[in-house]
Each structure stands twice: as structure tokens, then as C-alpha cells.
Amino acid sequence: MEAIAPLVAEIEGEPAGFADLQTDGYIDMFFVSPRHARRGVGTALMRRLLDAAREAALASIYSNVSLTAEPFFARHGFTVERCNEVAVRGAVLRNATMRRRLVETRSLD
Ligand SMILES: CC(C)(COP(=O)(O)OP(=O)(O)OC[C@H]1O[C@@H](n2cnc3c(N)ncnc32)[C@H](O)[C@@H]1OP(=O)(O)O)[C@@H](O)C(=O)NCCC(=O)NCCS
């Protein structure tokens with residue numbers, strides 16, 4: 001956790017969620033406490049990540065997103081790039097690599 005240096009959102013001094021942004025634009029972890037779900041904590045964290053990504057002049061940011069978090073990432077402009085199956089102790093879990101581009105590609109003419 002310390003190695004990925006996440007941002008922590010707090011409500012009245014209590015941690016409500018956390019999210020990180022790695023130097024290549026990868027979001028390793030993005031979690032909001034169920035106690036504080038659907039109150040904009042995730043959106044506040046995402047805004048901070050997007051500000052940091054623009055400051056670092058990243059072309060895009062991306063994450064491996066669980067099925068339950070897909071609608072949230074889609075709401076924030078991410079699209080599915082690839083569907084993945086990850087084997088964890090005999091169980092197959094599905095997630096999707098989702099990416100949001102931050103710069104417009106310019107036409108050459
Ligand atoms: C996904 C997650 C980060 C959303 O955090 P949140 O603070 O509840 O999100 P917000 O309140 O900012 O939601 C913003 C919008 O995203 C969408 N959204 C968020 N959670 C959703 C859900 N469970 N289903 C459908 N849409 C959802 C909605 O459009 C929502 O707007 P609305 O509440 O006005 O309808 C949080 O539910 C979570 O931590 N989930 C489990 C962990 C996880 O899978 N993390 C991803 C691994 S990378």
C-alpha cells in the first residue's frame with residue numbers, strides 16, 4: 001500500500017476511500033468504503049487523479065476494473081479496452097481493462 005502511495009479521502013477524519021495513480025497512468029487500487037457509497041467520494045478521488053494525470057501530461061489513464069465498478073468508470077469516461085480472466089486459487093474472476101484518454105489526437109492536415 002505504501003509503495004503505491006494512494007490518495008485517501010476522509011469524512012470527519014475517518015478514511016472513506018482511497019485511490020492511486022502510477023507514473024504510467026495505471027490505477028492499481030480504487031476503493032470506497034461501502035458505508036460511504038454513492039455519496040460522491042469516488043468521484044472526488046477520480047477528479048484528483050485526473051488533475052494529477054493532466055499535470056503529469058499523461059495521454060491516458062487505465063485500470064483493471066471489477067464488474068461491479070465498471071459503471072462507475074464508464075460514468076467517468078473510461079471505455080473497455082480488453083476483457084480479462086484472472087485465476088485466483090482455482091476460481092476464475094473476470095475484470096476489464098478500461099482506459100480514459102486525456103488528450104485529443106490531432107489530425108495531420
Ligand atoms: C466503484 C466505486 C469506487 C464507486 O465509488 P462511489 O463513491 O460509490 O461513487 P460515486 O458516489 O462518486 O458515484 C458516481 C457515479 O458512478 C456511478 N456508480 C457508482 N457506483 C455504481 C454502482 N454500484 N452501480 C452503477 N453505477 C454506479 C453512478 O453513475 C454514480 O452516480 P449516481 O450515484 O448519481 O447515480 C465503489 O463502489 C467501490 O469501491 N467499489 C468496489 C471496489 C472496486 O471494485 N474497485 C475497483 C477496482 S480498480
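Visitor: So two strands pair if DSSP finds at least two bridges between them; which residue in β4 is the bridge partner of alanine 19?
Guide: In this predicted model, the partner of alanine 19 is phenylalanine 30 in β4, where a strand is a DSSP run of E with at least two residues, numbered from the N terminus. β2 and β4 pair in the antiparallel sense, and three bridges hold that pairing.

Visitor: Before I go on, what are the ground rules for the numbers?
Guide: The model is predicted, with local features needing pLDDT of at least 70 and side-chain atom pairs counting only at pLDDT 80 or more, while totals for chains, interfaces and linings use all residues. Residues are numbered from 1 along each chain as its sequence is written, and side-chain values use heavy atoms, with hydrogens and water left out.

Visitor: Okay, and how many bridges join β1 and β2?
Guide: Five bridges link β1, residues 7–11, with β2, residues 14–19, in the antiparallel sense, and one of the pairs is glutamate 10 with proline 15 in β2. The two strands form a hairpin with two residues between them, and in that turn glutamate 12 has a positive phi of about 50°.

Visitor: Switching to the ligand, which residues are closest?
Guide: Phe30, Val32, Gly42, Thr43 and Ser66 are the closest of the 18 residues that surround the ligand, each with a heavy atom within 4 Å of it.

Visitor: Which atoms of threonine 43 and the ligand come together, and at what distance?
Guide: For threonine 43, a polar side-chain atom lies 2.6 Å from a ligand oxygen, a polar contact being a pair of N or O atoms within 3.5 Å. Serine 66 has a side-chain N or O atom 2.6 Å from an oxygen of the ligand, whereas valine 32 uses a polar backbone atom, at 2.7 Å from a ligand oxygen.

Visitor: And how much of the ligand does the protein cover?
Guide: The protein covers 73% of the 930 Å² of accessible area that the ligand has on its own, with areas from the Shrake-Rupley method and a 1.4 Å probe.

Visitor: Back to strands: what's the order in the open sheet?
Guide: The four strands run β3-β5-β7-β6, with mixed pairing. β3 (26–27) and β6 (79–88) stand at the edges with a single partner strand each, so one side of each has no neighbour in the sheet.

Visitor: How does β3 run against β5, parallel or antiparallel?
Guide: They run parallel, joined by two bridges, and tyrosine 26 stands opposite tyrosine 62 in β5.

Methods:
Two strands pair if DSSP finds at least two bridges between them. A polar contact is a pair of N or O atoms within 3.5 Å; within protein, one must be able to donate a hydrogen and the other to accept it, and residues adjacent in sequence count only if both atoms are side-chain atoms.
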